[in-house]
Amino acid sequence: MTASYIESLHLENVRQFKELNVTFNKGFNFIAGPNGCGKTSILAGISHCFSQHSFQFSRFKDDSQFWADIKINNNRKRIGSGPNAIDSAGYRKGNLKSWVKPPAAEGREILSIYEANKKIKDFCPLFIGAHRNIKYKQISGMQREQPLEQQINNNLFTSSQSLYGEKESNIKQWFVNRYFVIDKDWAQEERLNWFHMIESLPFIGPFNSNFSYVTTGQELEPVFSIYGEECYLEELSAGFQSVLSIIANIFEWVEGTNEPGERIALNAEGTVLIDELDLHLHPEWQFSLREGLSRIFPNLQFIVTTHSPHLLSSAGESEVIIMQKQDDNRYTLQPSEMRFSGWNTDQILSEIMGVKSLENKDYEKLVAIALLKTEEGSAQGLRDAISNLVEVCHPSDSIVTVLKARLASMVALQDD
Ligand SMILES: Nc1ncnc2c1ncn2[C@@H]1O[C@H](COP(=O)(O)OP(=O)(O)OP(=O)(O)O)[C@@H](O)[C@H]1O
Ligand SMILES: [Mg+2]
């Protein structure tokens, strides 16, 4: 049972938000909404609650305040910055002028950002931005991994950098390091994680791709296989690079920011935030990714943004947070209680994602005409409408089948 996760976020006069309150569930959270409504800003807002080192990524006002309510091993805490603590100096110059704690809340320990890396050591969210391509980098050998405290600080201090693609990816070094250490006696947890990852890749890859890790050769270049072809890390296509980056990044983070004894990915808890999870993926992979991630990391909380109706249709109950642009910039958001697995893509696009243009599609107009002709009892009108519809619709469209049946019974009645 997940006992450590982000319960909610409060932002006041941060970025474009006058006020924003979001509650999250402890499993998957898919934030969906139009371009520019503030999805990435929610992730950035969360990153500010844990470190002031990323403040230049947001504009603040003098009266900005923000905090995240979190649960760590079932203890409730609130972390962030209270009133009058920010010096809004100007573009990319936002600063903390004092460590003001956020307001009290019953049953919660209240912490200022300053205390993030000390008092909530075992809770250190991972941010993964939308830039996930893997650039070539020569690895010359195993690199000593930093001590735990340094990795936690590094992770907290660079969270917005990660979100906005300004942090160099380390995953190739991680692969090479694992190649050197997994057979050592002292690397039991790393070994378990490694084999868990290797065994999971074929399941997470798209149908028939047989995505797998092959080897790391003497030249320290990890080799993978997709569709039966061997492929170096940087040769993987954009979709594979994107998903592999996410997975390797999470393994690296689980191992780097937890005490020994708590580094097994299958048991790991905490929060991973990913911007544009569906980026580069074919619809089929968008459908299956949620399942793949929760199979590898069953106890993590995921807060992700997306523009994909396919990803949304894979969401379980209370996993979709729908965001619509509000003119007054005040938002109260929570996961919708519905699940959308029985909805078709058009229904998700128009009713959840607010895609207006669908209503004007030729198909919708022609169906409306056909229904009108049916109501008027005009067999010829309906026949014409059906033949127009057949030109634009799917060969096995169910509405056309029903309309054809209506036409047949209309004609039969008129013949009688
Ligand atoms: N540093 C900033 N300071 C103040 N306002 C900002 C800042 N960055 C972004 N904004 C505002 O936030 C708005 C929403 O941006 P955001 O990146 O959160 O949108 P989004 O929902 O992630 O959109 P997309 O789907 O295109 O990624 C921007 O239009 C801008 O007005
Ligand atoms: Mg965005």
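User: What makes E9-E13-E14-E3-E15 an open sheet in this predicted model?

Analyst: In this predicted model, the 5 strands follow the order E9-E13-E14-E3-E15 with parallel pairing. Strand E9 (126-128) and strand E15 (320-322) stand at the edges with a single partner strand each, so one side of each has no neighbour in the sheet. Neighbouring strands are turned by 15° against each other on average, direction ignored.

User: How do you know that E13 and E14 are paired?

Analyst: Pairing requires at least two bridges between two strands. Strand E13 (residues 270-274) and strand E14 (residues 300-306) share 5 bridges in the parallel sense, and therefore they count as paired.

User: What makes E10, E11 and E12 paired strands?

Analyst: The criterion is again at least two bridges. Strand E10 (residues 212-216) pairs with E11 over 4 antiparallel bridges, and 4 bridges join E11 to strand E12 (residues 229-232), also antiparallel. Both pairs therefore meet the criterion. Val223 of E11 has Thr215 as a bridge partner and Tyr232 of E12 as another. In the hairpin of E10 and E11, with 5 residues between the strands, Leu220 takes a positive phi near 60°; in that of E11 and E12, with 2 residues between the strands, Tyr227 takes a positive phi near 50°.

User: Why do the residues of E11 fall into a covered and an uncovered face?

Analyst: Side chains in a regular strand alternate between the two faces of the sheet. In E11 (residues 222-226), Pro222, Phe224 and Ile226 form the covered face, whereas Val223 and Ser225 form the uncovered one.

User: Which residues touch the most other members of the largest nonpolar core?

Analyst: Of its 87 residues, these are Phe30, Ile79 and Leu312. H7 supplies the largest share of this core, 9 residues. Beyond four places away in sequence, the contacts of Phe30 include Val304, Leu311, Leu312 and Ile321. Another core, of 8 residues, lies apart, with Ala370, Ile386, Leu389 and Val400 among them.

User: How many residues of each class make up the shell around ligand 1?

Analyst: The shell has 8 polar, 3 charged and 2 nonpolar residues. Of the 13 residues around ligand 1, Asn35, Lys39, Thr40, Ser41 and Arg59 come nearest.

Terms used: Residues numbered from 1 in each chain as written. Chains lettered and ligands numbered in written order. Predicted model: local features only at pLDDT ≥ 70, side-chain atom pairs only at ≥ 80, totals over all residues. Buried ≥ 20, exposed ≤ 12 C-beta atoms within 10 Å, placed from the backbone. Near = placed C-beta within 6 Å. Nonpolar A, V, L, I, M, F, W, Y, C, P; charged D, E, K, R; others polar. Axes fitted to C-alpha atoms, helices over the stretch in contact; angles between N-to-C directions. Core = buried A, V, L, I, M, F, W, Y, C linked by C-beta atoms within 7 Å. Contact = placed C-beta atoms within 7 Å.
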